[in-house]
Amino acid sequence: MKRKHKPWRTLFAAVISLALVITVVPLQQTAAAGITDYNLTGFSAGNTGGGIVSETDTAKYRKVYNATELAAALKKGSGVKVVEIMNDLNLGWNELPAAAQTSPFAEHNDALTHPVLKQTGVSKLTIDGFNGLTIFSANGATIKHAAISVKRSQNVIIRNLEFDELWEWDESSKGDYDKNDWDYITLEETSKVWIDHCTFHKAYDGLVDSKKGTNGVTISWSVFKGDDRSANSWVTQQINELEANRSSYPMYNDLRSTAVGLSKDDIIAIAASQKKGHLVGSTSFDSGNPSLSITLHHNYYKDIQDRLPRLRGGNAHAYNIVMDSGDARLAKQRITPAMAAAISSKGYKFDVTSNGAISTEGGAVLVEKSSIIGIQYPMRNNQTDPSDASYTGKIRAVDTMYSLDGSSFRGSSDTAGSPLAPVPAPIVPFSWSGITSLPYSYTMDDPSTLQSRLTGAAGAGAGKLSWSKDNWLKTAY
């Protein structure tokens, strides 16, 4: 018998089909749903970058496929406004063709221990005297083996790039990491810089540092992380080299000897985290320090030991950031008190520092609606002499989540009994330095949502957004 057609079945099928269409959403649509979240804000508000330039304007818009083309685009006075990095670039000094071994490239300090960097060399790339410049990649390209210095420039935007392979084991200064001045990005005498949707791996020195009065900096939607300790990771490659040639590396050999007693795996775990994040003001009481200003928002810091940020004078505002040093804290527990004493007796420095945000020398740091995990000293206000008020800064946390060794807290630094109360100097009441209020508007998320959001498909870091290429040239959506 022929069944009668039932209209509700047709309707049900249509609803199911529509649901399937709705739930399969491309990444670019996911990004577009909250696209205004990616507007430029913070102290860099008003930064124009290179502007909206047509790809057909080859005088101002350069597509870069290699080091020679990058050198030409970033040469002082080039007139270029937009640089699109088309593919990964290995920029070590020995990797550069002769045509690129000229300004703005220069040879950096020689690598001494990492087997890869000893072959590739390290370069310094100096971006000097630009007013209006956007450097971006549509596909999240990676730049390796180079330290970038931005000097005497204005309105600079760097977006959707990954920076990697700029760390090596430090024997020369016995683990103090005070020989190779290898920072991924250093800003000097520069105004209005926006670094957005970038990823920074472990580096010898700092990740992004500001000095000499640099102001108007915003770093947003970016990831900063230590080594993942995998079988062929950057740190593992280094430790394998040391392990195979222990007699050539006295510090490493001592750590592995019975005098200390660390295993190879212990050393990889302890060395994996990144020592330094953001130094803002490199010299104590420098005349430019009161002008320093930086905003950090929607950044994910994974196993960064210190300087989130470390401010000398001026102002720093951090909101909706995650400082997650849980794995670094576990690694620190591999060093027993007896081991620590043996390491110190030889003048070696091999440990895991555990600092979060730091304000010194009259600076002001405000941390709002953020999440801090596994950091022993989340808020510091002096790193030189707690008894000397001139070295003390102003720092405050507001509605921030904090967890350490199984205990948890959500509140502010001035809440009674707060574990976020600044140490070690007497607390100076918070106020901005040289300004009465922040010169920009901003919208904050609940801190409980940050961990999943920033590590999600359209979260922080390079290569997370797939959208129209011209969006990387915009500052508002």
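1. Two strands count as paired if DSSP finds at least two bridges between them; helices (H or I, at least four residues) and strands (E, at least two) are DSSP runs, numbered from the N terminus. Ten strands form an open sheet with mixed pairing, in the order β3-β7-β10-β13-β16-β19-β22-β25-β28-β29. At the edges stand β3 (89-90) and β29 (407-411), each with a single partner strand, so one side of each has no neighbour in the sheet. Strands β22 (residues 322-324) and β25 (residues 371-373) run parallel and are joined by three bridges. V322 has S371 as its bridge partner in β25.

2. On provenance: this is a predicted model, in which local features need pLDDT of at least 70 and side-chain atom pairs count only at pLDDT 80 or more, while totals for chains, interfaces and linings use all residues. Residues are numbered from 1 along each chain as its sequence is written, and side-chain values use heavy atoms, with hydrogens and water left out.

3. The largest pocket has a volume of about 550 Å³. Of its 23 lining residues, G175, D176, K275, K276 and T353 are the closest to the centre. The lining has eight nonpolar, four polar and eleven charged residues. The classes are nonpolar (Ala, Val, Leu, Ile, Met, Phe, Trp, Tyr, Cys and Pro), charged (Asp, Glu, Lys and Arg) and polar (the others, Gly among them).

4. Pockets and cavities are found on a 1 Å grid over the protein atoms alone: a cavity is a set of points where a 1.4 Å probe fits but cannot get out, a pocket is an open set with protein on both sides within 12 Å along at least five of seven lines, and lining residues have an atom within 4 Å of a point. Grid points are joined across faces, edges and corners, and a volume is the space filled by probe spheres set on the points.

5. There are two cavities of 30 Å³ or more. The largest cavity, of about 70 Å³, has a lining of eleven nonpolar, no polar and no charged residues. Among them are L70, L125, I143 and F163. Helix α3 (67-74) and strand β5 (123-128) each supply at least two residues of this lining.

6. The second largest cavity has a volume of about 40 Å³. Its lining has three nonpolar, six polar and two charged residues, including R329, K332 and T353. Helix α8 (residues 326-332) gives the largest share, three residues.

7. Six of the eight residues of helix α7 (residues 264-271) are buried (under 20% relative accessible area, with exposed over 50% and partly exposed in between; 1.4 Å probe, protein chains only). The buried residues are D266, I267, I268, A269, I270 and A271. Their cover includes α5 (234-244), α6 (250-256) and α8.

8. Leaving aside neighbours within four places in sequence, W169 is in contact (heavy atoms within 4.5 Å) with residues including I267 and A271.

9. K118 lies in helix α4 (residues 115-120) and is partly exposed, at 38% relative accessibility. Beyond four places in sequence, its contacts include N94, E241 and Y249.
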